[in-house]
Every structure is written in C-alpha cells, then in structure tokens.
Amino acid sequence: MKNLSFFRKTMADAATIKKIEEGFEKLQNAKDCHSLLKKYLTKEVKDQLKDKKTKLGATLLDVIQSGVANLDSGVGVYAPDAEAYTLFKPLFDPLIKDYHNGFAANQKQPATDLGEGKTSQLADLDPEGKYINSTRIRCGRSLQGYPFNPCLTEANYVEMEGKVKKVFAELKDGELQGTYYPLDGMTKEVQTQLIQDHFLFKEGDRFLQAANACRYWPKGRGIYHNKDKTFLVWVNEEDHLRIISMQQGGNVGKVLERLIKGVKTIQAQAPFSRDERLGWLTFCPSNLGTTVRASVHIKLPKISARPDFKKICDDLKLQIRGIHGEHSDSVGGVYDISNKARLGLTEFEAVKQMYDGVKHLIELEKKA
C-alpha cells in the first residue's frame, strides 16, 4: 500500500491525464495553430510525459494549458516550477532550441556578463533624437527557494513581497532610491498616476490567466520606482521580479549602467535562482538565460512599410512588437524593437545584438 500511495503522489491523476489528452487532440485539430507547443508536443512526447508530476505537484497540464486555451500563442508553454524544465525535458528542450537560435540540449548558458566596464561601446544611437523615442532594458529574476506562479500560495506571494520591500528600503543610492507601491490597497490617485506614466502592469493577459499565473491578485504584487522614474521593479507580475531601466532617447550605455547597478544591489540581499544549463530561471522559456530584453521605441516610417521589414529584423535577430508590448500593434509608425535571443549568449551580448541591429535599421531608414 505504501508503494501505491507513493505513486499517487508522484503521478498525475486520471482526471488530469484526461485533460492532457483532450488538450493534445484540440491542438492537433487546430489548423490555424502555429505555436511551438503544437510543433513539439508529439504523440510520443505526450505519452511519455502525461503521467509525470514534479515534487511541488505540477503536471504536463500546467505546462501546456495556456497554449491549449490560446491557439494563437507563439510559444504556448510555461514552467510551473524549476523542476519542470528537467522533468518535461522532451518537450522543453526542442522548443528552447527552436526559440533560442539553436541552443541545443547539450549546451550551457555562458557565465554572467552584465557588461560592467563595457558600456562605453554603446554610444547614443540617436543623438539628434530623430528616430528613437525611448530605450528600455529589463531582466527577469526568480527568488531562490520559491516555485513559479502556478505553484505559489497566497502566503508565498506575501512573503516574497515582504522580502523585496526590505531590499527596496535599503536602496540608498541616489539614482536608485525611490518608493514601493503595493497593488493591494492602492489608492485611485496613485493608480491613475502610474497608468499615466505607463508603469502600472495590469492583471495578466489571457495567456497568463490561462497559465494560472494570476491567482490571489493583487496580493503580493507591486511596483517600485526611483524619483526620476528611470529605474523600476515589478514584483510578482509574470516573474517574481522584473528589473527595468529606461529613459528617453537612445543612450543604451547609460540605461545599461543603471540596470547593472540595480541588479547587483538587489542580488546582494535577495539571491536569485540560476541553473547551470539554462541560466536565470523564469516562468516562460522565452525569457531564460540572460532574461535580458533590450528595446527601443523607434520611428521607422519608410522601411517599416516594406514587405520584407519583418525579414530584415529576423535576419538581424531582432523582434518587433507594438508599443504596448507583446500581441499589440504599432501606433503611429512607432515600433518596439528588441533582441530576440536570451539563451546561449551573455547579457552584454544580448544588449549589443539589439544595439547593432537598431543601428543598422536607422542606417537603412536614412538611405530609404
């Protein structure tokens, strides 16, 4: 009987397996679905993984449920906890390889190099202010010892918020010093101001909702920003922390310097979760490795009208989004353009990839 009890705890139950089977069938029958989930959740992979469960109780259903609910997903999977990346390797590894420029199962993320002492290589991309509205570099971090959203309890959210609030209270550096605004109990006045500043993250979109990432909202969630509103930290939005440096114009070097200072200061007091192979661990596999997304809001009216604009950006390893983030459209010919790859290169290389690509796009726009 003891053995039976053990298997019940370490294996998915019949109801969960049934939902996994139904999800698989839905994906197979969806002709307009082009997600990486559909591509790599083969019958063999599904049969191999459908009864597995992590030590924290996460199953394959937790991994695939967002992509099953949202057939227009690009990726379609999330990791409910760190162990999911190894337990469900047959699904994650080929998907990660596809998304991250061929990062293979036997490769390891390089050692961390945020770019200290190298920011002078990133001169202002647009000193005359003709093209770039703003520059933003962010990274995601997970606190050691905690799972990701679907496995977090309300007490976990509140406890993590308490830990980072203590860290924020000790940010004495003039450039980083600021205020933490918890979402729980936020006044309408503060909420309106943060929305106007484009800082306030809303309760997760349908992709995150379907991944079970928004439970107990708004408990344990909040935003920290400095006085100049150039350094922000989102607490328990998609990842445990999103650390963001931003400012008007195209001075990438200055933005990166501030991010380095913020990341190192927080990490000294709140250790982050890192994997030898996959780098900094995050909820979505698209953000693994460096977790760095370096981006500009940029006006490119001439070359963006070309039919091959997306191919040009793809060849430069750049990703195009609308100015309101993923799944949004361009407004007034302004695009959000960033590095695509996060794995298999260092943090500084990820920023440099965006920098070099955007520099080339501006040259093309000038010649057009």
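The questions and answers below concern the domains, the salt bridges and some backbone features.

Visitor: On what basis are the values given?

Guide: This is a predicted model, in which local features need pLDDT of at least 70, side-chain atom pairs count only at pLDDT 80 or more, and totals for chains, interfaces and linings use all residues. Residues are numbered from 1 along each chain as its sequence is written, and side-chain values use heavy atoms, with hydrogens and water left out.

Visitor: How far apart do the C-alpha centres of domain 1 and domain 2 lie?

Guide: The domain assignment of the protein gives domain 1 as residues 1-100 and domain 2 as residues 119-367; such bounds come from an automatic or database domain assignment. Between the C-alpha centres of the two domains the distance is 27 Å.

Visitor: What area is buried between domain 1 and domain 2?

Guide: In contact, meaning heavy atoms within 4.5 Å, are 22 residues of domain 1 and 25 residues of domain 2. Buried area is the accessible area (1.4 Å probe) that two parts lose on being put together, summed over both. Carbon and sulfur atoms give 62% of the area between the domains, which is about 2,100 Å².

Visitor: How many residue pairs are in polar contact between domain 1 and domain 2?

Guide: A polar contact is a pair of N or O atoms within 3.5 Å; within protein, one must be able to donate a hydrogen and the other to accept it, and residues adjacent in sequence count only if both atoms are side-chain atoms. Between domain 1 and domain 2, with both residues at pLDDT 80 or more, the count of such residue pairs is eleven.

Visitor: Which helix supplies the largest share of the side of domain 1 that touches domain 2?

Guide: Helices (H or I, at least four residues) and strands (E, at least two) are DSSP runs, numbered from the N terminus. Both α5 (60-69) and α7 (89-99) supply at least two residues of the side of domain 1 that touches domain 2. The largest share, five residues, comes from α7.

Visitor: How many salt bridges are counted between domain 1 and domain 2?

Guide: A salt bridge is a side-chain nitrogen of Lys or Arg within 4 Å of a carboxyl oxygen of Asp or Glu. The structure holds 26 salt bridges. Between domain 1 and domain 2 the count is two.

Visitor: How many residues apart in sequence are the parts that R206 and D72 tie together?

Guide: R206 forms a salt bridge with D72, and their closest N and O atoms are 2.6 Å apart. Because R206 lies in helix α10 (residues 206-210) and D72 in the loop between α5 and α6 (84-87), the parts that the pair ties together are separated in sequence by 134 residues.

Visitor: Are R206 and D72 exposed, partly exposed or buried?

Guide: Buried means under 20% relative accessible area, exposed over 50%, and partly exposed in between (1.4 Å probe, protein chains only). R206 has a relative accessibility of 44%, so R206 counts as partly exposed. With a relative accessible area of 47%, D72 is partly exposed.

Visitor: What is the relative accessible area of E276?

Guide: A salt bridge joins the side chains of K108 and E276 (3.3 Å, N to O). K108 lies in the loop between α7 and β1 (132-141) and E276 in the loop between β6 (274-275) and β7 (279-280), so the pair ties together parts that are 168 residues apart in sequence. K108 is exposed, at 52%. E276 is also exposed, with a relative accessible area of 57%.

Visitor: From which residue to P218 is the peptide bond cis?

Guide: P218 is found in the loop between α10 and β3 (222-226). The cis peptide bond, with omega near 5 degrees, runs to P218 from W217.

Visitor: What is the phi of N236?

Guide: N236 is placed in the loop between β4 (231-235) and β5 (241-248), and N236 counts as buried because its relative accessibility is 1%. Its phi is positive, in a residue other than glycine, with a value near 55 degrees.

Visitor: Is R342 buried or exposed?

Guide: The place of R342 is in the loop between β10 (334-339) and α13 (347-367). Leaving aside neighbours within four places in sequence, R342 is in contact with residues including H100, R138, T291 and Q319. At 1% relative accessibility, R342 counts as buried.
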